[in-house]
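Biologist: I am new to this structure and would like a close look at a single part of it, one chain taken slowly. Please start with the charges, and explain each term as you reach it.

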Amino acid sequence: MSTSTTTGVASKRAYVLAIAFILFFWQVAAWFLPSFLMPDVHVALGRLWQELGSIEFYAGLGNSMGRLGAGYGAALVAGVVLGLVGGTLSAVRSPLKAAIIILQSIPSIAWVPLFLILMGFGNMPIIVVVAVGAFFPTALSVMNATESVERVHIDAARVMGASRLQMLKRIYFPAVTPELITGAQLAFGNAWRALISAEMIVGFSAGLGKSLAYSGEIADMTGVMTNILVIAVLAAVIDQVLLERVKHRLLRYQYL
Amino acid sequence: MQLQFEKVTKSFGDLNVIEAFDNTIADGEIVALVGPSGCGKSTLLHMVAGLQQATGGSVRAAGQPVEKPAPERTLVFQEHALYPWMTLEENVALALEFQDQPAKEARAKARQWLSRVKLGGFEGYYPHQVSGGMRQRCALARAFIARPKVLLLDEPFGALDALTRMTLQSVLKELIEEERPTVVLVTHDVDEALYLADRVLVFSQRPARVLKEFTLGHIPKTHDLTAFADIRCEVLALLGIDTKDDPGTESPIPNKGVTA
């Protein structure tokens with residue numbers, strides 16, 4: 001469809017513009033502040049280049065991505081299952097939704113002390129915090145979408161003799177996929193914020209958040225800005241490239 | 001498959017939709033239900049499909065009370081009943097896959113049925129890529145592929161333009177003649193009822209009661225319905241449409257409680 005390609009180009013142009021704008025303000029701040037408080041953009045980029053050549057950087061990145069994958073993945077699965085169940089069983093729907101809305105208002109990072117004591121110092125509390133952050137928007141979007149699946153789509157499947165499992169797999173799941181993807185993108189934002197902050201607090205083995213916190217502790221501002229840069233770029237790449245691609249793949253029929 | 005209605009009553013809270021409906025539809029008979037919108041015809045159809053339960057009385061298919069949907073009693077909806085995330089072929093094959101037929105066989109049969117309704121070449125299209133008429137052809141293929149003994153049609157062509165509707169009526173008639181299911185058709189279109197049905201039941205406004213029954217018999221028919229002009233006028237009059245150009249007499253709008 002021509003409109004989707006034009007909006008694609010327009011959004012790409014918007015991104016280039018936004019990045020230039022952000023880097024410009026950073027550089028302006030660097031001109032006014034002493035370099036030990038705010039490094040020049042090119043200095044941070046130089047450090048980034050150097051980091052990209054070091055094994056430690058990839059070890060930390062790998063740890064962070066592993067935690068993100070485990071927590072975010074678990075949250076997506078649990079969110080879809082609970083969302084579908086909650087959306088189809090009207091008895092549990094309202095209380096479940098209320099519980100999610102209450103729990104959702106708690107910042108994920110607030111769970112860290114609890115999980116840290118419950119699960120001990122290690123990967124687990126970080127993964128669980130990431131999962132908690134990602135679970136609520138996923139479950140809520142799937143539940144809302146399940147409720148509003150068109151009556152005629154359900155009736156038609158019942159008339160054709162669909163079993164309960166077939167109904168979930170072939171009708172409900174694809175019907176809620178558009179909203180699920182929107183929810184999953186929202187959930188990714190939550191998961192990413194939860195990951196970095198939990199890593200900063202817990203500081204267990206290498207990771208993006210720990211690396212950022214450590215740079216701060218030793219007052220290495222170039223390190224701080226480099227880490228922020230990495231965090232920002234990675235989030236944008238995962239959200240705008242990876243998740244968008246998954247979306248176009250799963251919702252192929254909408255783009256024809 | 002014979003359908004029996006015994007004192008079928010349906011109400012939603014205080015709202016009486018159907019009151020003591022009695023009728024028997026013979027195996028292979030084609031019956032049209034016409035009446036004002038919102039009179040409960042569709043509810044009656046949904047009860048035969050097993051999607052809704054009667055408040056009182058009983059609906060029986062081949063002597064057995066209808067309790068839940070079954071593929072032998074299939075329903076064609078007005079529109080939007082195809083799944084937008086599936087191609088036409090996948091939509092049609094689904095009817096067999098839900099009956100646990102292997103996907104490959106189901107797909108092959110789906111392609112055959114799509115070509116039977118003249119949709120050959122459109123197997124890979126998604127519903128939103130084809131016209132409303134083509135979507136309803138696909139819906140017919142999906143209904144017939146399961147070889148139903150009872151075919152229920154809920155204003156199947158209501159959303160189509162007049163010309164497409166007549167074409168689809170011919171397609172449907174041909175399929176019915178070849179497959180010979182028992183057919184119950186709910187429609188607003190009197191000509192559609194006369195063209196397709198062996199028997200026409202005219203309903204009153206809510207709560208739905210039969211005002212009059214017209215038996216046409218199972219005879220060959222074309223879209224030229226001049227032979228049925230008298231019946232057509234009478235049905236329309238029952239529905240409150242005056243067909244006699246006589247300003248002196250106004251035909252009264254039928255009220256509940258009038259039965260013939």
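Modeller: Chain B carries 28 positive and 34 negative side chains, and 5 Å separates the centres of the two sets. In this count Lys and Arg are positive and Asp and Glu negative, with His and the chain ends left out, and each charge is placed at NZ of Lys, CZ of Arg, CG of Asp or CD of Glu. The model is a predicted one, in which local features need pLDDT of at least 70 and side-chain atom pairs count only at pLDDT 80 or more, while totals for chains, interfaces and linings use all residues. Residues are numbered from 1 along each chain as its sequence is written, chains are lettered from A and ligands numbered from 1 in the order in which they are written, and side-chain values use heavy atoms, with hydrogens and water left out.

Chain B is built from 7 helices and 10 strands, where helices (H or I, at least four residues) and strands (E, at least two) are DSSP runs numbered from the N terminus. The radius of gyration of chain B is 19 Å, close to the 18 Å that the globule rule gives for 260 residues, so chain B is as compact as a globular protein of that length. That radius is taken over C-alpha atoms, and the rule is 2.2 Å times the number of residues to the power 0.38. Along the principal axes, the C-alpha trace of chain B spans about 65 × 40 × 30 Å.

Of the 260 residues in chain B, 51% count as buried, a word that here means under 20% relative accessible area, with exposed meaning over 50% and partly exposed in between (1.4 Å probe, protein chains only).

In the loop between β6 (73-76) and α2 (88-97) of chain B one finds Thr87(B), which counts as buried because its relative accessibility is 11%. Neighbours within four places in sequence aside, Thr87(B) touches Glu123(B), Gly124(B), Tyr125(B) and Tyr126(B) by the contact criterion.

Lys118(B), in the loop between α3 (103-116) and α4 (132-144) of chain B, has a phi near 60°, a positive value in a residue other than glycine. With a relative accessible area of 63%, Lys118(B) is exposed. Arg180(B) also has a positive phi, about 50°, although it is not a glycine; this residue sits in the loop between α5 (162-179) and β8 (182-187) of chain B, and it counts as partly exposed at 38% relative accessibility. In the loop between β9 (199-203) and β10 (210-215) of chain B lies Pro207(B), and the peptide bond that leads from Arg206(B) to Pro207(B) is cis, with omega near -10°.

Chain B also meets chain A, in a contact that takes 29 residues from chain B and 19 residues from chain A. Together the two chains bury about 2,100 Å², of which 65% is on carbon and sulfur atoms, and buried area is the accessible area (1.4 Å probe) that two parts lose on being put together, summed over both. Of the area that chain A buries against chain B, 35% is supplied by Val159(A), Met160(A) and Tyr253(A), more than by any other three residues.

For context, chain A has 10 helices and 0 strands, and 42% of its 256 residues count as buried. Chain A exposes about 13,700 Å², with carbon and sulfur atoms supplying 72% of it. Its side chains include 17 positive and 12 negative ones, and the centres of those two sets lie 13 Å apart. In the segment after α10 (221-250) of chain A lies Leu251(A), which at 3% relative accessibility counts as buried. The C-alpha atom of Leu251(A) is 7.0 Å from that of Pro178(A), although 73 residues separate the two along the chain.

How values were computed
Contact means heavy atoms within 4.5 Å. Accessible areas come from the Shrake-Rupley method with a 1.4 Å probe; for residues, only the protein chains shown count as cover.
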